[in-house]
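I opened my notebook to jot down what I looked up here. Here is the structure first, then my entries.

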Amino acid sequence: MTDLLNQTWVIALLGATLIGAVLLAVHHAELIAHKIGEPFGTLVLALSVTVIEVALIVSMMLAGNEGSEFIARDAIFATVMIIMNGVIGLCIFVGGLTHHEMSFRNEGTNSALAVLTALATFILVMPVVTVSTAGPTFSVSQLAFAGIASFMLYGAFLFFQTVTHRDYYLPKSKKDKTDHSVHAPKPSNLKTIVSAVLLLVTLVAVVGLAKALSPAIEAGVKAVGAPKTIVGIAIALLVLLPESFAAVRASRANRLQSSLNLALGSALASIGLTIPAVAAIAIIFDLPLSLGISSLNMILMYLSFFIGALTLAIGRTTVLQGVVHLIIFFEYLFLSLVP
């Protein structure tokens, strides 16, 4: 079976099937999102992505291969960088080319960015400066506390987003709230139920296919002599494909509010839900887990947050802001290959 998976045509077939499953997952998740409305709809894709990411990370951790203790760190950091620069940058750039200037509610996006900055600092930076253990790691008690704190902070954000300040995540103008170019028509109840079932099926398929491809990804990275961090980037790119595709499509339809809800929501879920699950698995099965990032990556991450805060400050975007984010993203990819 191993020899079969190593064959190029099998890997190509699995890759094509994986992309097809991801696109189907996007389609069905979007139908559900249209039915239940904003901001609850964006949670569907965010939670779907988290299920995929947790399954991939945990399966690779349990496999115990060399460097498995860094998989969670690399995937989480890659998710933050891909979302903050790649996805948000592409959405602003693509939407800006068509609509020149797009608007959104900065109250909600700024709140999401504040929570994301705190979560990323708790998980990716704190292990570097704590002294209870050697190296960029947490002690067992610190890891447990970090997991609980992450879950509680994400839960507080969800309550803020869906209950107390829901309007912050809805289109700003009343016209946009009823305009079909901004909100797609709601599907029927039967169609929604069918989509929910098919979404679960496609998510299971994505997890299985991605797990089958992960050895090929690791082998390819090793063959070209690339850093091991590329594996985490590959995982993040795979699991974020549904969110990214949906976010860019919403931006092209002049629905930047939905794009930002999707992008920031997936980054928040990636840390707020993935880390508690990974931390619990690491503690229960006594698995090594290293979460602290390098000084280079800290600079890139806080540059991303700083530029992101400027981009989201006034509630309007142009193509230039998209270009800035995309250049930072390309810088991150280049320095991942040539650190």
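I started with tyrosine 302 and phenylalanine 305, which sit three residues apart in helix α12 and so are separated by about one helical turn. Helices here are DSSP runs (H or I, at least four residues), numbered from the N terminus.

**Ground rules.** I'm reading a predicted model, where local features need pLDDT of at least 70, side-chain atom pairs count only at pLDDT 80 or more, and totals for chains, interfaces and linings use all residues. Residues are numbered from 1 along each chain as its sequence is written, and side-chain values use heavy atoms, leaving out hydrogens and water.

**Serine 304.** I found serine 304 in helix α12, residues 295-311. Serine 304 is buried, because its relative accessibility is 1% (buried is under 20% relative accessible area, exposed over 50%, partly exposed in between, with a 1.4 Å probe and protein chains only). Beyond its neighbours within four places in sequence, serine 304 is in contact with Met81, Met84, Asn85 and Ile328 (contact means heavy atoms within 4.5 Å).

**Aromatic pairs.** I searched the whole structure and got seven aromatic pairs (ring centres of Phe, Tyr or Trp, the latter by its six-membered ring, within 6.5 Å; planes under 30 degrees apart are stacked, over 60 edge-to-face, the rest tilted). Phenylalanine 160 and tyrosine 168 pair edge-to-face, 5.8 Å centre to centre with 65° between the planes. I noted tyrosine 302 with phenylalanine 305 as edge-to-face too, their centres 6.1 Å apart and their planes at 65°. Tyrosine 302 is partly exposed at 33%, while phenylalanine 305 is buried at 5%. I also saw ring pairs link Phe77, Phe329, Phe330 and Tyr332 into a cluster.

Methods
Helix = DSSP H or I, 4+ residues; strand = E, 2+ residues; numbered from the N terminus.
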